[in-house]
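Open the structure in your viewer and keep the selection panel at hand. We will go stop by stop.

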Amino acid sequence: MRIGIVCPYDWSVPGGVKQHIQDLTESLLELGHYVNVLTPTSDEDSLPSYATNAGSTIALPYNGSIARIKFDPAAFTRTRNWLRLGNFDILHLHEPNTPSPSIIAAWSARGPIVATHHTSNETMYAVKNMQFLLQPMMEKVIARIAVSEEAKKTMVDHFGGDAVVIPNGVRVKNFSHAQMLPGFDKEQTVVFVGRLDEPRKGVQVLLEAMPAVFEKYPALKLLLVGPGDVDEILKSIDSKFHSRIQFKGFVDSDVKASCYASGTVYVAPNLGGESFGIVLLEAMATGTPVLASDLPAFKRVLDDGKYGKLFKTNNASDLAKSLIELIGNKSEREHLRVEGRTRAEQFDWSVIVRQILDVYESVKSVEGRNVREDFRGQLYGRLTKTGRLDRRRVKNSFLTE
Amino acid sequence: MEISSWVVVAVGLFLFALYLSNVAGRLDRLHLKVENARNALDRQLALRSAICSDIAGLDLLDTTLRSRLANAIHASISEESLDIHTKNEWDIESEVTKSLCELFNKDFDITKYPNQKNLIQETAGATRRVQYALTFYNDAARSAIKVRRRWLVRSFRLFGRASMPVLIDFDDQIPQGLEFC
């Protein structure tokens with residue numbers, strides 16, 4: 001199958017959506033499909049061989065994070081050229097409602113179009129106000145995928161319609177053999193992974209809880225992995241604990257796996273805006289027990305505490321209590337290590353990719369023709385034959401199937 | 001009337017006609033989408049029946065449940081060849097789903113059947129594709145119905161000769177034992 005995937009965000013900046021697309025693409029390539037990814041990037045040389053550059057990006061605040069996006073006339077030309085040359089059987093858009101190559105591709109293509117919604121958020125005012133403009137374009141999407149029940153709910157609230165839920169995957173084999181970082185004690189380390197300057201990742205809650213935990217376990221270390229201002233963080237905790245906090249800054253995915261593996265417990269104190277707990281699965285794949293806030297998305301991944309422990313969201317004293325308990329209970333941790341691995345296997349990309357291919361299959365048979373350019377919305381298209389719906393040809397394609 | 005007001009009326013009418021043609025075009029695309037989705041659903045159901053007859057012939061599984069599945073498939077296939085699309089047809093598809101669910105209940109363990117792994121995975125895929133195709137069909141039908149209910153569409157008969165899409169409802173759940181296959 002020839003599959004064209006559109007990534008809305010900058011490829012050179014790590015993020016959940018980009019990681020999802022990369023893992024999906026690699027899993028599809030392993031199965032022998034042809035895949036090409038159209039993505040904006042500010043560093044063309046580091047693009048993998050399966051990706052096509054859509055131009056550099058501008059930064060905009062979006063959903064509590066900084067999103068690097070692309071939306072200008074040059075992007076239109078590049079997207080259309082990519083569509084024309086790619087000759088794809090399936091066009092797979094990600095986050096089709098962000099101003100990005102995704103929306104341009106939805107606008108300028110017709111045929112078997114699949115879209116994945118990642119965001120879960122209460123209100124996206126920009127989208128709500130733009131809805132009447134986006135609606136006809138969104139109707140071209142034949143199959144919608146949401147990465148979680150929360151993402152599906154957000155999508156339904158904003159656009160109506162329905163979606164199938166296919167969770168995010170994790171590349172278990174990239175994590176299961178991770179080596180420990182030198183200088184850390186597997187029995188005495190708490191790990192946090194996420195941007196330190198993003199309030200919704202909840203690092204402040206962890207820092208509020210840590211003094212009590214440090215008092216209880218004198219040899220305990222805290223490992224904070226992720227970009228952010230170190231001084232800001234140190235300011236919010238008593239200076240006598242400073243020597244026991246280590247920072248890793250921004251790391252690549254191999255080092256990140258080692259960071260998970262070095263932990264006694266991995267803590268995810270997120271406050272919200274998470275649509276799926278991929279970080280939890282990564283930690284579980286390395287065999288590290290997880291302690292997470294009881295957000296609906298996290299609860300579902302941990303199956304209400306079966307595969308990892310939960311504490312009350314944004315409640316530092318509950319976090320401290322659960323953390324002390326879990327570090328002290330070795331047999332419980334061993335149990336969670338085994339259970340966590342099993343859970344991560346269920347979300348391995350080799351399983352998830354089959355579900356995505358099932359979506360492709362059930363859409364591909366719909367049209368019997370591949371993705372092509374759509375001129376219907378334009379004056380040129382309305383005046384020429386290219387723009388008209390050719391019912392006869394579509395009908396015939398079913399007869400020959 | 002002044003000539004300028006005639007011009008205003010003419011331009012207004014032209015814009016209104018343009019808008020109507022736009023809505024009609026959109027509705028036409030929606031109808032085509034529904035039609036295609038319906039074809040896809042029929043195709044996935046046929047594929048599921050085909051693969052289920054292999055499962056029904058698998059000696060390793062419980063005999064009574066297998067014969068229930070075989071009966072359901074027989075009904076489904078014969079209905080299809082008669083091309084009768086009644087409410088009854090969807091009950092038969094529900095019955096196929098239910099017998100699959102009993103065959104592959106939550107105690108089912110794929111590791112016990114190493115030689116049949118491919119077949120079982122294919123079955124899991126077929127049940128998923130039926131679920132996806134049904135979701136996409138109903139999604140398309142719902143959006144077409146929503147546009148068709150607008151008074152402008154009804155009063156100007158913008159839907160032409162296309163018939164009103166119907167929602168389809170049958171049991172499309174994925175058997176618990178096949179969930180992670």
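Start where the two chains meet. Select the contact: 21 residues come from chain A and 23 residues from chain B. Two residues are in contact if their C-beta atoms, placed from the backbone, lie within 7 Å. This is a predicted model, in which local features need pLDDT of at least 70 and side-chain atom pairs count only at pLDDT 80 or more, while totals for chains, interfaces and linings use all residues. Residues are numbered from 1 along each chain as its sequence is written, chains are lettered from A and ligands numbered from 1 in the order in which they are written.

Helices (H or I, at least four residues) and strands (E, at least two) are DSSP runs, numbered from the N terminus. Which helix gives the largest share of that side? Helix 14 of chain A does, with 10 residues. Colour the side of chain A that touches chain B by class: 10 residues are nonpolar, 5 polar and 6 charged. Here Ala, Val, Leu, Ile, Met, Phe, Trp, Tyr, Cys and Pro count as nonpolar, Asp, Glu, Lys and Arg as charged, and the others, Gly among them, as polar.

Next, select helix 10 (278-285) and helix 13 (330-346) of chain A. They pack at an angle of about 125 degrees, with axes 8 Å apart. Axes are lines fitted to C-alpha atoms, for helices over the stretch in contact, and angles run from 0 to 180 degrees between N-to-C directions. Show the residues that meet: A:L281, A:M284 and A:A285 from helix 10, against A:G340, A:R341, A:R343 and A:A344 from helix 13. By class, this contact has 4 nonpolar, 1 polar and 2 charged residues.

Move to the loop between helix 2 (73-86) and strand 6 (90-94) of chain A, and pick A:N87. Its phi is near 50 degrees, a positive value in a residue other than glycine. Is A:N87 buried or exposed? A:N87 is exposed, with 12 other C-beta atoms within 10 Å. A residue is buried if 20 or more other C-beta atoms lie within 10 Å of its own, exposed if 12 or fewer, and partly exposed in between, with C-beta atoms placed from the backbone.

Last stop: A:D304, in the loop between helix 11 (296-301) and strand 16 (309-311) of chain A. Phi of A:D304 is near 55 degrees, a positive value in a residue other than glycine. A:D304 is exposed, with 9 other C-beta atoms within 10 Å.
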